[in-house]
Amino acid sequence: MNVEIQNAEMSIMATAQPMGCLIDLTAKIVDIEPSLCAFLGYSTDTIIGENIGIYLLNSLTLTSQVRTSVEFLQHKQQVFLRHSQGQVSVMQLEPMRMNQYIYLSFRTKTLFPQDVTERLYQQILAALPVAIAVFDTEMRYIYANALWYETFKLNPENTLGQSHYVLFPQIPVTWKEENKRCLAGESLKSERSFFVHEDGTEDWAHWEAHPWRDDTGQIGGVMMFTQIITKNVEKESHILKVNRELILLNKINDCILHTSNESLILKECANIFVQTGAYKLAWFAYVPTNQLRANTCIEPLYASGKVGYVENLRFAFDNEDIQDGPAMRTIRNKQYAIVNHIDKDATFSPWLVQARSYGFASVISLFLPIDGEQDLLLSLYSDQANAFDNGEVDILKRIVENLTYALKGIRNTTAFEAAKEALLKNYKELSDYKIALDESSIVSITDAIGKIKYVNENFCKISEYKLEELLGQNYLELNPNLNEELFPLIEKALTAGQIWKSEYLNRKKSGEQYWTYITVVPFFTMYGTLDQIVTIAADITQRKAYEEQLKLNDLIINSTDDAILSRDMDGIILSWNQGAERLFGFSASEALGQSIALIVPPDKLVEQRSLCDKISKGESVKNLDTVRLHKNGYEIPVSLSVSVIRDEKGNIIGGSQSARDISVQKNAEKAREQALYQLNERVKELTTLNECSQILYDGSDNIEETLSKLIEALPKGFQYPHLVVASLAWDNVILGKNVETQSHEKLESDFITVDEQRGLLQIAYTEACPSEKNGAFFEEEYTLVQMLAEMIATYLNRQIQRNIIEKSELNLQSIFNSTENIYVLLDEQRRIILFNPAAQHFAQQQYKQSLVIGDPIATILPHNLQENLAHYFDALSATNMVTVEKQYQLKDGINAWFMVNYSKIADTNGKALGYLIAAQDVTARKQQEEEKQRQLSLYEELLFIISHELRHEYAKLYSIIELVADLRQLDPQLADIIRHSRNTFEKLNESIAKLNQRINQEKAK
């Protein structure tokens, strides 16, 4: 270490900064404090001599500041330090100048864990102003940000997982080939590509495609980044088109102003149309006036471009085949005529074959009225269809107008002033076009040697120079990079009369850099010498920043913690990364130079030799699940990928291996297989139980036939059905096979029917089961045999008591699948065994949950109902059934009553084998009871009225009749009235009695 560094170190110690390093003016680390090395996880030898930018995420900005800006030493700033394990720390940086060195002091602000960094990175991807999509190796969508969906008019709900080629069936074959190249490891990009959407709309885009790699280093698919630049392309095309039109108009006007000979004007204008206007053919022809057209024909006189087309072009006015052609229509109507699609226009048929051979796609003919005896015809041909839009036609009409005035002026000097006025008008229009160009772009004009003659406001704004600071200055002196790197190329292009385009890094007055896309257009005098240079630029700084971000993204994506090593053709380990040290326990010094057999178990040596053979044949292996040895001797499950290493000549010199620890996945798979095995056994048992139930409940009247079917079906419910035999003895009848003579393991259960006949069900394995299973029967299978024996007893009892069984409900399968009542069958642990569709529908509608076999029933219910459920099950310990009626408010707001029966399924000793929950909607019954109660109240009220009020009033009226009857002696006429009244009241009394009797009968019901 030299004296200057020692002095710097003494100054560092005096300031007592917590963590820091010393760099030179090229940003290279010359000394570093141990605390900073420990913080970053690197050794001192590893860091010294490296550029500080390696350990910074914003390295480009920092290193450029160190080299170019004095302000770097005057301000604290925030930077991002990258640790050896991938973490990122937000640090406060304080720089200090020490002679020819700079001391950087870092203070910790925040440490971002790797997973947080990944989430931030995903947010950055989503927020980037570009459309981003990620595909797998089959070009199926894995990820796309919102701008991708918007740009390509896709629906996020049905895009992920779909093939890109299915969503875009018209995609060009060349694009598919580029995708294949990218999947082969090549990064591609296009500054400008044209594509058509499904709805017919068109766009231009800048795109890049990069392969992405998974944790094993293998290519996992393609990342595509797209930025729509349609507006920029249209703006640039419009600017170039307007520029071309302005140049064309300017050169034609310049020719008119400086040439007084009519023939020279027409020849020069024809050349200008081809050379400057980019037309493929231009020709003039004289046209006689109407009274002079007899026996004359049109013959092109002044032509430029592909003149072979017009060498034999002659047509007379009386030729009917050409009357509808563009030239004759122009002559006849004295207005321009356009054929935008030569292939599709029937009027162009006489010249179609010849036009195709010269590559013409569209043509315009224009009329120039010169004088009373002779006019001019101008025809222009383009190799582009629809080449003559309104703007183009307007420029051509102005050119024709100027030419007309000029030629008239030549023929008649009195028309000179009118031509001059037209030229002034066109110059005014040129000024208007200039204003439009200045508004949309960064424009500058220099003379032939590079002195600035004009800059627009946009140029001053982005360069930070004032107008007076620029005018008269040499453009190359303001842009030294241009002078050193690009000027020879530009000079060569301009000398050849070509327009030059490129991306270019400019520098502002303050020293800040910015990127532009520049178009340099040369302007020549009529004598062919360079007159001035117009530079049109667009700011692309943001796009270039995005490209730098992509480079950083590649570094992040390509990092991996997998074990990666390489070996030569003899199996000697040549490289060994930190991931390999962590996975296998051997340090790099212990592994390098050793045989690959160091980490290969003895029983996998044959497999390793096979991998070596594949490498020697140039074959690769992906994602091979195998095991490798740790330094401590235990085996590690790994996913292994092997690829070939070749030298510059393509010769195979070794292989590389990447290994990922899959211990967690293997353990999970083993646990999942065990759980699946247990579940399958339970499903087989339940399926067998259900099938036996169907056989018993749907069997014929022949008991032996039904029980024989049952015995045949029983083995399906056990672990190894092909080794299982079953036997049933009942009422001196033995069904099935004899299990006594050859049985290794046996289960049996007896039963008694209602007629006191004893039966015995036996299940046995005739051979020894596989050694990896400890015992052929699970504990649950004892319960299964007992349940089957009870089912058989029930079946036999049903046959004995047919008159009772015939009145019972349908079999269990019909009940479960057909009824609207809710049934859920649980095991003794209150886990779901079976349920019917009505139960599933109720759970999904009421609790937004689905019933799943094996789940505890309590997990389906809300917390406020789980305590009630536990209370009901506790009550079943003392009884076989608990019935409750409960009102629920359903999700649609309707109140419904349910009668719920909680039943215990027990063996003969009363032990619970399971539970059945049955729920019935009794809302209608409840409503009927309420209606009956209401009617009963009405009956009570009516009886009261009849018994009290009606009888009371009746009694009063009858008493009045009796009193009046005593007066009939005084008035003989009352006798008939009283007799009639008594009859009426007697009938009324009978009706009241009948009504009272009827109400009492209804009330009794």
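1. Strand β18 (residues 442-447) is joined to β19 by three bridges, and the two strands run antiparallel. Within this pairing, Ser444 has Val455 of β19 as its bridge partner. The model under discussion is a predicted one.

2. The β18-β19 pair belongs to an open sheet of five strands, ordered β19-β18-β22-β21-β20, with antiparallel pairing. From one strand to the next, the twist averages 25°.

3. The largest nonpolar core comprises 34 residues. Those with the most contacts inside this core are Ile252, Phe273, Phe284, Leu380, Leu396, Ile399 and Leu403. At least two core residues come from each of α9 (230-258), α10 (262-275), β11 (281-288), β16 (362-368), β17 (374-382) and α13 (390-411). The most is given by α13, which supplies eight residues.

4. Leaving aside residues up to four places away in sequence, Phe273 touches Leu248, Ile252, Ala278, Tyr279, Ala282, Phe284, Leu378, Leu380, Leu396 and Ile399.

5. A second, separate core contains 31 residues, among them Leu707, Tyr765, Leu788 and Leu796. In soluble globular proteins, nonpolar side chains tend to be buried together.

6. Ser190 lies in strand β8 (residues 188-196). Ser190 counts as buried because its relative accessibility is 14%, and the cut-off for burial is under 20%. Apart from residues up to four places away in sequence, Ser190 touches Ala205, His206 and Trp207.

Key. Residues numbered from 1 in each chain as written. Predicted model: local features only at pLDDT ≥ 70, side-chain atom pairs only at ≥ 80, totals over all residues. Heavy atoms only, no water. Helix = DSSP H or I, 4+ residues; strand = E, 2+ residues; numbered from the N terminus. Buried < 20%, exposed > 50% of the residue type's maximum accessible area, 1.4 Å probe, protein only. Contact = heavy atoms within 4.5 Å. Pairing = 2+ DSSP bridges. Axes fitted to C-alpha atoms, helices over the stretch in contact; angles between N-to-C directions. Core = buried A, V, L, I, M, F, W, Y, C linked by side-chain atoms within 4.5 Å.
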